[in-house]
Amino acid sequence: MLEAAQILLPLAAVLCFAWGAWQCAARTLFPAEGSARTERALPDGLWKVALACLLAGAAVQGLFVAWCLSRGSYTSLGQALEAQFYGNTDAKHYLDLAQYGYGSGEAFPEQYLMIVFFPLFPWLLRLLNLFGWFDSRVLALVVQLPLFCAAGTGLFALAARQYDRRTAWLALVLLLVSPASVFFFAPMTESLFLALTVWYVWCLQTGRWGRAALLGVLAGLVRAPGGLLTGLALLYLLRRARLRRCGPPAAALPAMLGPAAGLGLYFALNQAVYGRWDQYSVYQWEHWGQKLGLFTDTIRYHLQYMARWWQSDRAMAVWVCLAAVLCIVLAFGLLAAAARTLPPHWLGYGLAYLLLTMGATWLLSAPRYAVALFCLPVALAALLRGRRGLTAAVVAALLLANAAYTAAWLTGAPVY
């Protein structure tokens, strides 16, 4: 059974990837006439979307706070948050970087290794707490609410422009009930990255070239997949040129190159601190056995580990291995199923994003990486349009998975 799964599941993922890549290439090079959208205005009532995001985030964070305070006696909320969550997640590293910055010394434990974390989120925390007036542990939590509001409204705007308001609302609901959506409200980079991504795409598609360039640079400073937005822009501009039978304006070039420039600034930071532009990759390999690989290998080794750990370490087998396998196969399957529905530049970005993030040689955080890919909830919403019964079943299933994943994270299971 294990041997068959190690062949069939990677094969299924490869076939889904190949179908999606073919659809992306064909619809980019040979676009259907009349498929270009020209409206530039934001949809009405975005304040309602922002309010929904704010209330949802406040409810989840209220659960965090109540859980922390119920687990022991602490002198402050910040101390409770650090004791319960931050010490076992990357949140602690972002907080240390916000306070001390990068370096090769020991201002905090393993400071020299922290170059593997991109700088924009800790820089934002430092800027917001420039005078040290706030407890940085609480600030890092609170700032997620406006960031997620920005992410949610941007996702809604994109989906409403491409499809309709009903699909946009459904996409937002699916984002909120996604199994790893808990990370949007924790002191991590998911909300910031998603917000920059969706508004970059919005500005790109509406011809706001200067804003797109700036947002692209910032996205490249949050996470490595931010650099892939340059590829998204290239696909979009190529298809746009094919439809209009003329090249893009000169101002579109900085917009396209902005994400690559942001990634380049991160490489420059490596060079400035350590004298080597790719020092992050050295530390990733030496200390975590982490480098780029193939998603097919990721499926295989997680199946092996799951079988090995099922009796000795059931939590790792379920929350790391099984979660990764399901995430990879279902994500590629979803993009393949929606390949004719999604805009081809969204599809191409989604495939490249999964190829990069799911191909790690030791993948611990597959659901967290996938939840920041904006086209997944939109693709599912587009496929569910007009199918009320199926929609209700999918939302219920995702909500149950979300509750289980969040409970595992709160109780210290290996959810990263």
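Student: At what angle do helix 8 and helix 18 pack, and how far apart are their axes?

Tutor: This is a predicted model, in which local features need pLDDT of at least 70, side-chain atom pairs count only at pLDDT 80 or more, and totals for chains, interfaces and linings use all residues. Residues are numbered from 1 along each chain as its sequence is written, and side-chain values use heavy atoms, with hydrogens and water left out. Helix 8 and helix 18 (residues 375-384) pack at about 125 degrees with their axes 8 Å apart, where axes are lines fitted to C-alpha atoms over the stretch in contact and angles run from 0 to 180 degrees between N-to-C directions.

Student: Why is helix 8 called oblique to helix 18?

Tutor: Angles under 35 degrees count as roughly parallel, over 145 as roughly antiparallel, 65 to 115 as roughly perpendicular and the rest as oblique. The angle here is about 125 degrees, and therefore helix 8 is oblique to helix 18.

Student: Which residues make that contact, and what classes do they fall into?

Tutor: With contact meaning heavy atoms within 4.5 Å, helix 8 contributes Thr167, Leu170, Ala171, Leu174 and Leu175, while helix 18 contributes Pro377, Val378, Leu380, Ala381, Ala382 and Leu384. By class there are ten nonpolar, one polar and no charged residues, given that Ala, Val, Leu, Ile, Met, Phe, Trp, Tyr, Cys and Pro count as nonpolar, Asp, Glu, Lys and Arg as charged, and the others, Gly among them, as polar.

Student: How do helix 7 and helix 8 meet, and what classes of residue are in their contact?

Tutor: The axes of helix 7 (residues 144-162) and helix 8 come within 8 Å and cross at roughly 145 degrees. The residues of this contact divide into eleven nonpolar, one polar and one charged.

Student: Beyond helix 8, what makes Ser181 count as buried?

Tutor: Ser181 is found in the loop between helix 8 (165-177) and helix 9 (190-205). Buried means under 20% relative accessible area, exposed over 50%, and partly exposed in between, with a 1.4 Å probe and protein chains only. Ser181 has 4%, so it is buried. The side chain of Ser181 also reaches the backbone oxygen of Leu176 at 2.7 Å, and, not counting residues up to four places away in sequence, Ser181 touches Leu175, Leu176, Val371 and Asn402.

Student: Why is Leu221 called buried, and which residues does Leu221 touch?

Tutor: Leu221 has a relative accessible area of 7%, so the label buried applies. This residue lies in the loop between helix 10 (209-220) and helix 11 (229-244). Leaving aside residues up to four places away in sequence, Leu221 touches Phe118, Pro119, Leu120, Gly262, Leu265 and Tyr266. The C-alpha atoms of Leu221 and Tyr266, 45 residues apart along the chain, are separated by 6.2 Å.

Student: Why is Glu110 called partly exposed, and what is the phi of Glu110 near?

Tutor: Glu110 has a relative accessible area of 41%, and so counts as partly exposed. Phi of Glu110 is near 60 degrees, a positive value in a residue other than glycine. Most residues other than glycine have a negative phi.

Student: What makes Arg245 count as exposed?

Tutor: The relative accessibility of Arg245 is 64%, and therefore Arg245 counts as exposed. Arg245 is found in the loop between helix 11 and helix 12 (252-274), and phi of Arg245 is near 55 degrees, a positive value in a residue other than glycine.

Conventions. Helix = DSSP H or I, 4+ residues; strand = E, 2+ residues; numbered from the N terminus. Polar contact = N/O pair within 3.5 Å; in protein donor to acceptor, adjacent residues only side chain to side chain.
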